[in-house]
Amino acid sequence: PSLQRRVDCYLEDHLSQKFGSMESIRDNAFSRSNSSCSIATDEGLFEQPEPLPQSKAVMGKIIWRRSMQMRSQQQAWQESREGRKMMKFRQSLPAYKEKDALLMAISQNQVVIVSGETGCGKTTQIPQFILESEIESVHGPLCSIICTQPRRISAMSVSERVAAERGEKLGETVGYKVRLEGMKGKDTHLLFCTTGILLRRLLVDRNLKGVTHVIVDEIHERGMNEDFLLIVLKDLLPRRPELRLILMSATLDAELFSSYFGGAPMVHIPGFTYPVRTHFLENILEMTGYQLTPYNQIDDYGQDKMWKMNKQAPRKRKSQIASAVEDALRAADFKDFSPQTQESLSCWNPDCIGFNLIEYLLCNICEKERPGAILVFMTGWDDISSLKDKLQAHPILGDTSRVLLLACHGSMASAEQRLIFDEPEDGVRKIVLATNIAETSITINDVVFVIDCGKAKETSYDALNNTPCLLPSWISKVSAKQRRGRAGRVQPGECFHLYPRCVYDAFADYQLPEILRTPLQSLCLQIKSLKLGSISEFLSRALQSPELLAVQNAIEYLKIIGALDENENLTVLGHYLTKLPMEPKLGKMLILGAILNCLDSVLTVVAGLSVRDPFLTPLDKKDLADLAKAQFSRDYSDHLALVRAYEGWKDAERDLAGYEYCWKNFLSAQSMKAIDALRREFYSLLKDTGLVDGNTTTCNSWSYDEHLLRAVICYGLYPGICSIVHNEKSFSLKTMEDGQVLLYSNSVNARESKIPYPWLVFNEKIKVNSVFLRDSTAVSDSVLLLFGGAISRGDTDGHLKMLGGYLEFFMKPAIAEMYQSLRREFEELIHNK
Ligand code: CDP
Ligand code: MG
C-alpha cells in the first residue's frame with residue numbers, strides 16, 4: 001500500500017483502538033457529552049441537568065416549592081430599601097414603558113425583533129422581564145432563558161449587572177458562561193453567554209432541549225457567529241414550536257431581520273437622548289484658532305492637501321498647537337475618497353489620528369468644561385496603549401488626583417472592566433479610551449464628551465487572493481451616529497469627529513457583515529459537524545450569503561488539509577477537528593503533537609497562537625525588545641522562540657519571579673498566564689477526544705525534539721508556505737499566490753541574513769500594502785514533503801500534485817530519490833510507533 005494509505009491506516013487503527021468503528025467514535029463522543037463530562041462541557045457547554053430520580057408528582061412538588069421560594073425572594077427584594085431604589089432606576093429606563101407590549105408580543109409570536117437606542121435597557125431589562133413574569137406566573141419558573149452576546153466582556157458585565165438589579169449573587173438565578181470561565185448554578189434560569197458557547201451547545205443538543213427563550217443580542221453588528229446562529233435557529237423553530245426567539249438590535253434595520261423571519265413583529269423602544277453638538281475636523285481646527293482654507297483657494301504649498309492653515313493665524317498660538325493641527329491635517333490629508341486614497345490611508349500610522357490633537361482636546365475639556373466623563377473612540381488596542389502612555393506623562397492628564405484614565409477593549413481583565421462603570425470622585429474627570437466595543441455593547445453612564453477618530457480595526461477577506469486582511473478602516477455612518485449618541489445620555493453633550501465633514505459624507509451607511517468579509521473555514525467545519533447538509537446550500541440561506549468563491553476557497557482549504565474528503569464529508573481528522581474549538585490548523589498541530597509524543601511544546605505553540613502576541617514591542621524601545629526576543633531564537637522559528645520564552649517564564653514563575661522575567665524580556669505577563677491556562681484547557685480537550693491517555697510522560701517523550709516540532713508546525717500550517725530565495729547577502733521570500741512577500745519586523749527570521757532551510761511555513765499572511773507574514777518557522781524539503789498536506793485520509797493525488805506544483809513553481813530539482821528514502825524512513829517511524 002502507498003505511504004498515504006499506511007498513514008491513514010495507522011491513524012484509523014489508533015483511533016479505532018480507542019473507540020472501535022467510526023460510528024462508535026461518534027456515538028461515544030455524543031454519549032460522553034450527555035453524561036456531562038464531555039469535551040464540550042469544558043468549552044462551555046451547559047451540563048445537562050441531572051435527571052431527577054423522583055416520580056412526576058414529587059418533581060411537581062419540588063418545582064412548586066422552589067417557585068414559591070423564588071417568588072417570595074423576588075418580592076422581598078423589591079420591597080427592601082435597596083430594591084426599591086433599584087426598581088425606581090429600572091422604571092426610568094425607556095424599555096420599562098414597553099414591558100407589557102413586549103411580553104405580549106413574545107407570548108403571541110415565536111419570533112420578535114426588538115430595536116431601541118443603546119442604553120434604553122434592552123440587554124439588562126428584557127431578559128429580566130421574561131424571568132420575572134415567569135416567576136410570578138402560576139406554573140412557576142419553568143423557563144430557561146439564554147441571552148447571547150457577541151463578546152465575553154459584555155456577557156460578564158451584563159450578567160453581573162442583572163444579578164445586582166435582582167439583589168442576588170451572580171450564579172444564582174442569573175449566570176454567565178464564556179470560554180474558559182463561567183458562573184452558573186442549578187437554579188440558574190437566565191444565562192448570558194457568548195454566541196460561540198450557544199453554537200457549541202447546539203453541537204450536542206440540536207433541539208436546545210429545555211430552553212424556553214433564546215435572545216440574540218446586538219444582531220445589528222452582523223458578526224459571523226450571529227449570522228450563522230440565525231440560520232440554525234430558523235431551521236430549529238418549526239421543530240420546537242414552543243421555543244421563543246427574540247432578536248435585539250440597537251439600530252433601526254429591524255425590517256431586514258423581520259422579513260428574514262417571515263415578517264416577524266417588531267417592537268421599537270423609543271429612546272430619549274439629549275442634543276449633542278457635533279464638530280467635524282474643520283470646526284475643531286477653527287476652535288483652536290486656525291482658519292482653514294479649502295484646497296482650491298490656495299496654491300503655494302501642500303499641493304496634495306485639501307486643507308491648509310491660514311497664514312494669518314496668530315503666531316503665538318501657532319507654536320502651542322501647531323503640531324496638534326499638523327497631526328490632524330495629516331489625518332485629513334486627502335482630496336477625495338477614491339479607492340486609491342483609501343488604500344494609501346490604509347497604511348496606518350497611529351500618529352495620523354492626531355494624538356496631539358486628542359491631547360489638546362482632552363486638556364481643553366478638563367480645564368474649561370463642565371463635569372462629565374470623556375469617551376475617546378480609538379482604532380485598536382495598540383493605539384489605545386500608546387496614547388495612554390503619552391497621556392500619563394502629561395502634567396494635567398497624567399495627574400491622578402484630577403483625571404481617572406482608563407482603557408476599554410475586548411481582551412481586558414474583568415477587574416479592569418468594572419472601573420469603567422464606576423463614577424469617579426468629585427472633581428476627578430473620567431477619561432475612557434475605547435475601541436468600538438463602547439459603541440453599543442457597553443454603556444458608560446456619565447459620558448458627556450465623545451472624541452471619535454473615525455476608524456475601527458476590521459478583519460476583511462480578499463477572496464480573490466485568499467488573504468485575510470486586518471486593516472483599520474473607516475467606520476460606517478451608523479457607527480458614527482452611535483458614537484455621537486454616547487454623549488447625550490445624561491445631559492446635552494458634545495462630540496468631536498476627527499475627520500472632515502466630506503469624509504463622513506463618504507462613509508458607507510452600514511458596515512459589511514462579517515460573513516461577507518472573513519475566511520469561512522471554521523464556519524464550514526461547524527456546518528459539517530452540525531450535519532447541516534451541503535455547505536454552499538446552507539450558506540445560501542443566510543441573511544446575506546457569502547460569495548461563492550469565498551465558500552469554495554474554504555472548502556478547498558479544508559480538503560487540502562485533509563479535514564474534508566472529496567465529497568465534502570468530514571474525514572476522521574475533520575471529525576476530530578470539530579471537537580477542538582480552535583482554528584483547524586491549530587487543532588491539527590495538537591492532534592499530530594499527541595500522536596508523535598511531543599505534546600508539551602506543541603501545546604505552548606498552539607496556546608501562543610491563540611493569545612495576543614506575548615512578545616511586546618514598545619515603540620520607543622523596539623531595539624531592546626528585538627534583542628530580547630533574539631535570545632530565544634536559535635531555530636529560525638518564531639514558534640520555537642515562544643516555546644523557549646515560555647519555558648523560561650515557567651522556571652522563573654516557580655521561583656515567584658515571573659513578572660521580573662517578563663519585564664526583563666519584554667514579554668507580556670498577562671499573555672504568559674493566558675498561555676498557561678490555555679495549555680491546560682487544550683490538554684483536557686485532547687484527553688476528552690481520547691487522543692492522549694493522561695500519561696504525561698509518554699505523550700511528552702519527544703517534546704523537545706526540534707525536528708519533530710518543525711514537522712508538527714508544518715503539518716498545521718500547510719498550505720501556508722513560502723519559498724526562501726537566497727541571494728548574495730540576504731534572502732527574499734515568495735509565495736505562489738502573491739509573489740514577493742515580507743516578514744513582519746518582529747519575526748526572528750527578519751533579523752537573519754541567511755536561513756539554512758528552503759521553506760518557511762507561516763501562521764498568517766496579512767495584506768497591508770504588501771503582503772506580510774506573521775510567525776514563521778523554517779522547514780526542510782523532507783518535512784514539507786512528508787507533513788505538508790493531508791496525512792490522514794487526504795486526497796493523496798491532489799496533495800502530491802499541489803506539492804509538485806510548488807516544487808515546479810520554485811524550480812526545485814526533482815527530489816524523487818530523496819522522497820523515496822524518506823518515505824521508507826517515515827514508514828518505519830510510523831511502524832515502530
Ligand atoms: O442593551 P441596551 O443598550 O439597550 O441597554 P442596557 O445594557 O440594558 O443598559 C440599560 C441601562 O442600565 C444603561 O443605560 C445603564 O444606565 C445601566 N447599566 C449600568 O448601570 N451598568 C451596567 N453594567 C449595565 C447597564
Ligand atoms: Mg445592549
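Q: How do α26 and α33 cross, and within what distance do their axes come?
A: The axes of helix α26 (residues 584-595) and helix α33 (residues 706-717) come within 7 Å and cross at roughly 145°. Axes here are lines fitted to C-alpha atoms, for helices over the stretch in contact, with angles running from 0 to 180 degrees between N-to-C directions. Helices (H or I, at least four residues) and strands (E, at least two) are DSSP runs, numbered from the N terminus.

Q: Left-handed or right-handed crossing, for α26 and α33?
A: Right-handed. The rule is that a crossing is left-handed if the near helix is turned anticlockwise from the far one by less than a right angle, and right-handed if clockwise.

Q: Which residues meet there?
A: From α26 you have Lys585, Leu586, Lys588, Met589, Leu592 and Gly593, and they meet Val712, Ile713, Tyr715, Gly716 and Leu717 of α33. Contact means that the C-beta atoms, placed from the backbone, lie within 7 Å. By class, this contact of α26 with α33 has 7 nonpolar, 2 polar and 2 charged residues. Ala, Val, Leu, Ile, Met, Phe, Trp, Tyr, Cys and Pro count as nonpolar, Asp, Glu, Lys and Arg as charged, and the others, Gly among them, as polar.

Q: Before I go on, what kind of model is this, and how are things numbered?
A: It's a predicted model: local features need pLDDT of at least 70, side-chain atom pairs count only at pLDDT 80 or more, and totals for chains, interfaces and linings use all residues. Residues are numbered from 1 along each chain as its sequence is written, while chains are lettered from A and ligands numbered from 1 in the order in which they are written.

Q: Switching to sheets. What's the strand order in the one with 8 strands?
A: β4-β3-β5-β2-β6-β7-β1-β8, an open sheet with mixed pairing. Two strands pair if DSSP finds at least two bridges between them. β4 (181-183) and β8 (266-269) are the edge strands, each pairing on one side only. The twist averages 20° from one strand to the next.

Q: And which helix packs on that sheet?
A: Helix α9 (residues 152-165), which touches β2 (145-149), β3 (174-178) and β5 (190-194). Its direction makes about 170° with that of β3.

Q: What joins β6 to its neighbours β7 and β2?
A: Strand β6 (residues 213-216) runs parallel to β7 (residues 244-249), with 4 bridges joining them. β2 and β6 also run parallel and are joined by 4 bridges. Val214 stands opposite Leu245 in β7, and Val214 is also the bridge partner of Ile146.

Q: Which way do the β6 side chains point?
A: His213 and Ile215 point one way, Val214 and Val216 the other, and all are buried. In a regular strand the side chains alternate between the two faces of the sheet.

Q: What about the sheet with 6 strands, parallel or mixed?
A: Parallel, and open, in the order β9-β18-β15-β12-β14-β13. Its edge strands are β9 (276-279) and β13 (403-408). Val450 stands opposite Cys495 in β18. Helix α20 (residues 477-485) lies across β9, β12 (373-377), β15 and β18, at about 145° to β15.

Q: New topic: what's closest to ligand 1?
A: Gly119, Lys122, Thr123, Thr124 and Arg161 are the closest of the 15 residues around ligand 1. A residue counts as near if its C-beta atom, placed from the backbone, lies within 6 Å. α8 gives the most to that shell, 4 residues. By class, the shell has 3 nonpolar, 10 polar and 2 charged residues.

Q: Last one: why is Lys559 called buried?
A: Because Lys559 has 21 other C-beta atoms within 10 Å. Lys559 is found in helix α24 (residues 548-560).

Note on methods
Two residues are in contact if their C-beta atoms, placed from the backbone, lie within 7 Å. A residue is buried if 20 or more other C-beta atoms lie within 10 Å of its own, exposed if 12 or fewer, and partly exposed in between; C-beta atoms are placed from the backbone.
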